[in-house]
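Please look at the sequence and the structure shown here.

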Amino acid sequence: MRSPRGGGGGVGGCYRGGAGGQEQHVDLIPGIPDDVAVDCLARVPHASHRAMRRVCRGWRSAAATPAFASARAQAGANEDLVYLMQFGNPSAADADAEPKDDDGPANTPAYGVAVYNVTTGEWRRERGAPPVVPVFAQCAAVGTRLAVLGGWDPRTFEPVADVHVLDAATGLWRRGAPMRSARSFFACAEAGGKIYVAGGHDKHKNALKTAEAYDASADAWDPLPDMSEERDECDGMATVEGDRFLAVSGYRTARQGGFERDAEWFDPAAGAWRRLERVRAPPSAAHVVVKGRVWCIEGNAVMEWMGTRRGWREVGPYPPGLKAGTARAVCVGGGEKVVVTGALDGEGGGERHAVWVFDVKTKSWTVVRPPPEFAGFVFSVASVRI
């Protein structure tokens with residue numbers, strides 16, 4: 001039987017000084033065993049976690065424990081959050097003129113971090129984000145940590161090496177160790193517990209073949225060997241094994257806009273890059289890994305990579321109303337759904353964007369039209385389960 005004070009569950013109430021210098025236990029919720037209290041707190045919606053942590057030190061401490069995360073999973077209270085690096089929607093200026101609530105600024109930023117809660121359908125601005133986010137900064141997530149990396153300085157339009165890290169479980173931001181190289185329009189993804197970046201271009205618009213890997217726990221970057229080729233505007237994702245990073249397509253400095261139809265993946269065991277032929281190339285395609293399979297959203301269907309010999313096969317219909325060449329995709333819910341962002345074809349000259357949610361089991365799409373202030377172009381996406 002678990003301890004009524006949570007002794008065996010990794011959580012407990014807070015303690016305060018008592019008579020004779022002895023610490024006195026204070027229940028998380030008066031009159032309720034701490035393990036039951038944690039089960040109750042675990043059901044609080046993520047949007048209210050910031051307020052919940054402010055109630056008392058005991059609640060703040062309990063919400064930071066692995067037992068709290070486990071209790072949310074066991075209660076079926078997990079929520080899937082999609083973070084979007086998004087440009088403001090000019091047509092929403094009037095609609096977003098007044099503050100909506102405590103979750104964001106009064107006006108839509110030129111480029112910032114938006115959050116779409118796939119579980120609840122709610123939209124919000126990420127509080128505490130850097131006041132000025134580099135334009136075309138990208139994002140990637142490992143565990144509950146979201147890293148915002150690189151991009152252009154909005155004043156000089158030169159690439160930066162900046163890194164900002166959000167712990168989505170606590171809502172706290174910190175400045176991370178900068179990348180070893182300033183870069184923009186690079187491949188970026190989490191693989192094997194690290195965030196990889198590769199390619200892109202420098203301040204002279206020269207394509208890069210350098211790469212590095214970020215350990216969010218240690219807040220440190222490890223240099224990687226150079227790729228075999230320069231790759232500007234390449235696409236990043238994990239490979240089928242999940243522990244290897246893949247840099248898809250891109251182009252060399254001398255071939256501006258001439259996207260290659262190959263890729264390179266990094267083998268961490270060998271410490272070397274390997275080539276992969278016959279992949280689909282950005283900007284016409286969005287790549288995502290779903291339950292260990294590489295998917296590509298392009299043309300008129302969702303395609304799955306079956307290997308070098310078998311090539312590609314169709315696994316689902318194309319998102320209805322999605323304008324070609326504007327898609328970004330991310331897998332959520334452990335592979336249960338794929339979330340795609342992009343422009344609505346034929347609406348407002350492509351200025352109005354939406355979200356498409358693909359149910360992997362039923363192979364069906366649901367179109368989500370966000371509020372006007374969240375209908376701007378999305379450059380990068382990442383997902384976190386809380």
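The questions and answers below concern a predicted model.

Residues are numbered from 1 along each chain as its sequence is written. In this predicted model local features need pLDDT of at least 70 and side-chain atom pairs count only at pLDDT 80 or more, while totals for chains, interfaces and linings use all residues; side-chain values use heavy atoms, with hydrogens and water left out.

Q: How many aromatic pairs does the model have?
A: Rings of Phe, Tyr and Trp (its six-membered ring) pair if their centres lie within 6.5 Å; planes under 30 degrees apart count as stacked, over 60 as edge-to-face and the rest as tilted. By this rule the count is 20 aromatic pairs.

Q: How many residues apart in sequence are the parts that F87 and Y111 tie together?
A: F87 and Y111 form a tilted pair, 4.5 Å centre to centre with 55 degrees between the planes. Strands here are DSSP runs of E, at least two residues long, numbered from the N terminus. F87 lies in strand β3 (residues 80-87) and Y111 in strand β4 (residues 111-117), so the pair ties together parts whose separation is 24 residues.

Q: Is F379 buried or exposed?
A: F379 pairs edge-to-face with F185, at 5.3 Å centre to centre and 75 degrees between the planes. F185 is in the loop between β9 (172-175) and β10 (187-191), and F379 is in strand β26 (residues 378-385), 194 residues apart. Buried means under 20% relative accessible area, exposed over 50%, partly exposed in between (1.4 Å probe, protein chains only). The relative accessibility of F379 is 9%, so F379 counts as buried.

Q: Which strand gives the most to the lining of the largest cavity?
A: A cavity is a set of points on a 1 Å grid over the protein atoms alone where a 1.4 Å probe fits but cannot get out, and lining residues have an atom within 4 Å of a point. The lining of the largest cavity includes L84, Q86, H353, A354 and V355. Both β3 and β24 (353-359) supply at least two residues of this lining. The most, three residues, comes from β24.

Q: Over residues 94-107, what value does pLDDT stay under?
A: pLDDT is the predictor's confidence in each residue, from 0 to 100, and the protein averages 84. Where pLDDT is low, the predicted coordinates should not be read in detail. Residues 94-107 have 17 contacts (heavy atoms within 4.5 Å) beyond four places in sequence. Over this stretch pLDDT stays under 50.

Notes: Helices (H or I, at least four residues) and strands (E, at least two) are DSSP runs, numbered from the N terminus. On a 1 Å grid over the protein atoms alone, a cavity is a set of points where a 1.4 Å probe fits but cannot get out, and a pocket is an open set with protein on both sides within 12 Å along at least five of seven lines; lining residues have an atom within 4 Å of a point.
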